Amino acid sequence: MSTRIAFLKGHGTENDFVIVPDPENALVLGPAAVAALCDRRAGIGGDGVLHVVRSAAHPEAASMAAEAEWFMDYRNGDGSVAEMCGNGVRVFAHYLQHAGHVGEGDLAIATRAGVKTVHIAKDGDITVGMGRARLPEGEVTVSVGEHSWPARNVNMGNPHAVAFVDDLAHAGDLYTAPPVGPAAAYPDGVNVEFVVDRGPRHVAMRVHERGSGETRSCGTGACAVAVAAARRDGADPAVTGTPVTYTVDLPGGRLVISERPDGEIEMTGPAVIVAEGEIDGNWLENAAG
Ligand SMILES: N[C@@H](CCC[C@H](N)C(=O)O)C(=O)O
């Protein structure tokens with residue numbers, strides 16, 4: 001008889017994930033298996049996989065085990081590994097609560113971008129301490145068709161290029177990754193954000209994610225956008241000494257991003273579990289080749 005592998009499906013502002021609980025890291029989840037799970041026609045469907053592993057059981061996270069019991073082994077929908085996923089951390093925390101591993105309040109989650117502090121509020125909203133943004137020097141340019149824009153290089157543990165545009169429709173269908181130059185600025189690829197203003201400290205964005213294509217939301221992308229908007233608006237909290245908060249609207253919902261004077265960024269938004277079930281182990285083995 002075929003083995004059955006437990007899974008859940010969840011999303012954070014419609015950035016959707018296949019959640020695979022595997023506390024002892026017993027599963028072999030290679031790139032082809034991840035891509036098969038994320039396939040929206042032949043698999044379960046998702047922008048990525050949240051592989052839920054005890055930090056102590058994963059070689060990339062064992063050094064964080066004393067600080068954070070659980071490691072978010074995040075993979076993009078094409079099977080590639082990414083350093084960090086902001087919406088993923090909220091959904092991961094929500095899963096831990098759903099499974100009875102943690103309660104409301106504070107917890108720490110290990111990621112490839114370090115340990116993230118998370119607060120699960122009574123109303124279900126989840127706030128993640130996303131760490132500090134890095135702003136590498138140098139001009140970058142984003143292009144789509146005949147349009148091209150200067151963009152801000154922002155690193156939130158993973159790489160982003162943030163372009164302020166007149167109209168989100170100018171980003172086109174985003175079926176393919178928009179060219180970003182110079183290539184040397186992003187040796188490992190890049191997530192690209194297109195941003196318009198909606199009001200004072202209120203923006204809207206679309207995103208093309210490395211390894212997943214256009215998604216309905218990107219948490220690290222929203223943080224990168226808030227930082228880029230604050231610098232553009234002359235609102236650097238390190239200079240003014242007061243936190244700066246931006247509301248970021250995405251196709252899949254709203255995130256609130258605050259940057260404190262010490263540079264620490266907090267992201268608040270929802271997380272939802274929509275289903276749970278079992279994967280046919282034979283199917284996954286065959287699909288993964
Ligand atoms: N959707 C995520 C980001 C996932 C990783 C990204 N595609 C990358 O390759 O860096 C988020 O919510 O931050």
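Me: Where does UniProt place the feature "active site" in this chain?

Reply: The unreviewed UniProt entry puts "active site" at Cys-85 and Cys-218. These two span 134 residues in sequence, yet no two of their C-alpha atoms are more than 7.6 Å apart, so they gather at one spot. As for the record itself, its positions are given in the numbering used here, its feature names are shortened, and its annotations may be inferred rather than shown by experiment. The model is a predicted one, in which local features need pLDDT of at least 70 and side-chain atom pairs count only at pLDDT 80 or more, while totals for chains, interfaces and linings use all residues. Residues are numbered from 1 along each chain as its sequence is written.

Me: Is Cys-85 buried or exposed, and in which loop does Cys-85 lie?

Reply: A residue is called buried if 20 or more other C-beta atoms, placed from the backbone, lie within 10 Å of its own, exposed if 12 or fewer do, and partly exposed in between. Cys-85 is buried because 30 other C-beta atoms lie within 10 Å, and its place is the loop between β4 and α2. Helices (H or I, at least four residues) and strands (E, at least two) are DSSP runs numbered from the N terminus. Cys-218 is buried as well, with 36 other C-beta atoms within 10 Å, and it lies in the loop between β14 (213-215) and α3.

Me: Which residues are in contact with Cys-85 and with Cys-218, leaving aside neighbours within four places in sequence?

Reply: Contact here means that the C-beta atoms of two residues, placed from the backbone, lie within 7 Å. With those sequence neighbours left aside, Cys-85 is in contact with Gly-48, Tyr-74, Gly-219 and Thr-220, whereas the contacts of Cys-218 are Asn-15, Asn-87, Asn-191, Val-207 and Glu-209.

Me: Which residues does UniProt list for "binding site"?

Reply: The unreviewed entry lists Asn-15, Asn-76, Gly-86, Asn-87, Asn-158, Asn-191, Glu-209, Arg-210, Gly-219 and Thr-220. Two of these can be followed further. Gly-86 is placed in helix α2 (residues 86-98) and counts as buried because it has 30 C-beta neighbours inside 10 Å; beyond four places in sequence, its contacts include Gly-219, Thr-220 and Met-267. Asn-158, in the loop between β9 and β10 (159-164), counts as buried with 25 C-beta neighbours inside 10 Å, and, again leaving aside neighbours within four places in sequence, it is in contact with Ala-82, Glu-83, Met-84, Asn-191 and Thr-220.

Me: How many residues surround the ligand, and which are the closest?

Reply: The test for being near a molecule or strand is a C-beta atom, placed from the backbone, within 6 Å of it. In this model 18 residues surround the ligand, the closest being Ala-82, Asn-87, Asn-158, Gly-219 and Thr-220. Helices α2 and α3 (219-232) each supply at least two residues of this shell. For the classes, Ala, Val, Leu, Ile, Met, Phe, Trp, Tyr, Cys and Pro count as nonpolar, Asp, Glu, Lys and Arg as charged, and the others, Gly among them, as polar. On that scheme the shell divides into three nonpolar, 13 polar and two charged residues.

Me: Why does the ligand lie between domain 1 and domain 2?

Reply: Domain bounds come from an automatic or database domain assignment, and here the chain is divided into domain 1 (4-125 + 271-287) and domain 2 (140-268). The contact between them takes 18 residues from domain 1 and 20 residues from domain 2, and the side of domain 1 that touches domain 2 has four nonpolar, nine polar and five charged residues. Both domains give residues to the shell around the ligand, so it lies between them. The domain centres, taken over C-alpha atoms, are separated by 24 Å.

Me: In which sense do β4 and β5 pair, parallel or antiparallel?

Reply: Strand β4 (residues 70-76) and strand β5 (residues 105-111) pair in the parallel sense over two bridges, and Phe-71 has Ala-110 of β5 as its bridge partner. β5 is in turn joined by seven bridges to strand β6 (residues 114-120), the two running antiparallel, and these strands form a hairpin with two residues between them.

How values were computed: Two strands pair if DSSP finds at least two bridges between them.
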